[in-house]
Amino acid sequence: MSANLARRCNGQKLFFVAWLTCAWFAVAPLAHADKPALNAQALGISESILNYCGPVDPASAAKLREKIKQLVQGASEQQLAQVRNSDEYRQAYDSVVDFVGKVDEHNAKQLCSESPAERK
């Protein structure tokens, strides 16, 4: 891998981690509100990261499952289905899929360990 490509991939990874962190902190208060409205973007991002990180880093995946559990707390199966079928959810989910498809498999565990699931 050329030095330019390596720098670009590292820069993309750092941008993605920063983007995920900002997205997570923006929606985290919703998970603790009295009657949280399901946030399609937060759920799409979180579930996409979980699907990617589950096989790569089980410890990070377990923490992310807990955060997702908080996000969907109190939602019915029907509400969850509607959110998962929304354009906002699909776009958020697919944006993570697109990004992680570009991550070198040697960096996968590091990406997962630096995801918002690892932050308190």
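Cys-112 is buried, at a relative accessible area of 0%. Buried here means under 20% relative accessible area, with exposed over 50% and partly exposed in between, using a 1.4 Å probe and protein chains only. Before I go on, this is a predicted model: local features need pLDDT of at least 70, side-chain atom pairs count only at pLDDT 80 or more, and totals for chains, interfaces and linings use all residues. Residues are numbered from 1 along each chain as its sequence is written, and side-chain values use heavy atoms, with hydrogens and water left out.

Back to the cysteine. Which residue does Cys-112 pair with in a disulfide? The partner is Cys-53, with 2.1 Å from S to S. A disulfide is counted when a pair of cysteine sulfur atoms lies within 2.5 Å, and by that rule the model has one disulfide. The link between Cys-53 and Cys-112 is left-handed, with -95 degrees about the S-S bond. Cys-53 sits in helix H2, residues 40–56, and Cys-112 in helix H6, residues 108–113, so the pair ties together parts that are 59 residues apart in sequence. Cys-53 also counts as buried, at 4% relative accessibility.

Now the chain as a whole. The protein chain has six helices and zero strands. Helices are DSSP runs of H or I with at least four residues, strands are runs of E with at least two, and both are numbered from the N terminus. The pattern along the sequence is α-α-α-α-α-α. Of the 120 residues in the protein chain, 38% count as buried. Contact means heavy atoms within 4.5 Å. Among contacts between residues at least 6 apart in sequence, 79% join residues at least 24 apart.

Next, the core. A nonpolar core is a set of buried Ala, Val, Leu, Ile, Met, Phe, Trp, Tyr and Cys residues joined through side-chain atoms within 4.5 Å. The largest one has 25 residues, and Leu-43 and Tyr-52 touch the most other members. At least two residues of this core come from each of H2, helix H3 (58–72), H4, helix H5 (87–100) and H6. H2 gives the largest share, eight residues.

Then the packing of H2. Two packed helices are described by the angle between their axes and the distance between the axes. The axes are lines fitted to C-alpha atoms, for helices over the stretch in contact, and angles run from 0 to 180 degrees between N-to-C directions. H2 packs with helix H4, residues 77–84, at an angle of about 80 degrees, and their axes are 10 Å apart. That makes H2 roughly perpendicular to H4; the classes are roughly parallel under 35 degrees, roughly antiparallel over 145, roughly perpendicular from 65 to 115, and oblique for the rest. H2 makes this contact through Ala-40, Leu-43 and Glu-47, and H4 through Leu-80, Val-83 and Arg-84.

Leu-80, in helix H4, is buried at a relative accessible area of 7%. Its C-alpha atom is 9.4 Å from that of Leu-43, 37 residues away along the chain. Leaving aside neighbours within four places in sequence, Leu-80 is in contact with Leu-38, Leu-43, Val-72 and Ala-75.

Ala-61 is in helix H3 and counts as buried, at 0% relative accessibility. Where is Leu-50 relative to Ala-61? The two are 11 residues apart along the chain, with 5.6 Å between their C-alpha atoms. Setting aside neighbours within four places in sequence, Ala-61 is in contact with Leu-50, Cys-53 and Gly-54.

Lys-109 lies in helix H6. From Lys-109 to Ser-60 is 49 residues in sequence and 9.0 Å in space, C-alpha to C-alpha. With neighbours within four places in sequence left aside, Lys-109 is in contact with Val-56 and Asp-57.
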